[in-house]
Amino acid sequence: MNIKSYAKQCAKYFLLLTASFLAGEFTAYCIDCFSPETVETSASGNWGLGFPEEGQLPTANATIEELKAYDAYFAEATTEKKLYLTFDCGYENGNTKPILEALKKHNAPAAFFCVGNFVKEQPDLIRQIVREGHTVGNHTYTHPDMSKISTKERFQEELEKVETLYEQITGEPMTKYYRPPQGIYSTQNLEMAKALGYKTFFWSLAMWTGTRISSRQKKKLLLNCFPAFIRALLSCFTTLLLPTVRFLMNF
């Protein structure tokens, strides 16, 4: 390949990377701008949040007390300042190691809710997550709409397949923490999860981030912080760099 052809190839890759970065930033901005501010209370459906007052507990599909009956949680009723940091892992694209490095640097534990293919394809990462003191939670085997699953057998299968993979990799039983894919759930799902010994975890603040956290996103995070909230990040769809996690550790 001559120098001219090589330069054209490099320019092509640069333009593709730039376009991908800009698309990610624009998506994050749109999600941030058009997030709903209020939600209707519901016993099932898509998990949703509203933030009517800055720094206060958000409104959600169900209250803390209503969810507690199913061993399900999205926040804690306390005045103590706590942050429960969680990540949803659908597939690996190079983000997990930087996340683990940042968490280790700040001595911050987290929970990683993993889909079956992530557990199966990334055994070394699963071992590292456990070795460094974090929790691996169950995000189901195939990431389906669990609210459409009506039988206990089918529901159990989605969770047990992940449990089996995890135990084969680590040699120990999986912690029974469950997060419904996409936050879609039903009260029947919550009852089945509880019957299987699982605690269900939603979130009280979630955000998609690009390669860096914007000043707008920082402002939203700070304004919507409240005691004992569960924060969710999509590690499979983000390029989460150390400064972003460093900012989170400073809450």
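Reader: Is F201 buried or exposed?
Author: F201 is buried, at 16% relative accessibility; buried means under 20% relative accessible area, exposed over 50%, and partly exposed in between, with a 1.4 Å probe and protein chains only. The model is a predicted one, in which local features need pLDDT of at least 70, side-chain atom pairs count only at pLDDT 80 or more, and totals for chains, interfaces and linings use all residues. Residues are numbered from 1 along each chain as its sequence is written, and side-chain values use heavy atoms, with hydrogens and water left out.

Reader: Which ring does F201 form an aromatic pair with?
Author: There are 7 aromatic pairs, where rings of Phe, Tyr and Trp (its six-membered ring) pair if their centres lie within 6.5 Å, and planes under 30 degrees apart count as stacked, over 60 as edge-to-face and the rest as tilted. One of them joins F201 to F113 in a tilted arrangement, with 6.5 Å centre to centre and 45 degrees between the planes.

Reader: What does that pair tie together?
Author: F113 lies in strand β6 (residues 111-114) and F201 in strand β10 (residues 199-201), so the pair ties together parts that are 88 residues apart in sequence. Strands (E, at least two residues) and helices (H or I, at least four) are DSSP runs, numbered from the N terminus. F113 is buried as well, at 1% relative accessibility.

Reader: Which residues form the aromatic cluster?
Author: The cluster consists of Y73, F113, Y177 and F201.

Reader: In what sense do β5 and β6 pair?
Author: They pair in the parallel sense, over 4 bridges; two strands pair if DSSP finds at least two bridges between them. F113 in β6 is the bridge partner of D88.

Reader: Which residues does E157 bridge to?
Author: E157 forms a salt bridge with R154, the closest N and O atoms being 3.7 Å apart, and another with K161, at 3.5 Å. R154, E157, E158 and K161 are linked in a network of salt bridges.

Reader: How exposed is E157?
Author: E157 is partly exposed, with a relative accessible area of 34%.

Definitions and conventions. A salt bridge is a side-chain nitrogen of Lys or Arg within 4 Å of a carboxyl oxygen of Asp or Glu.
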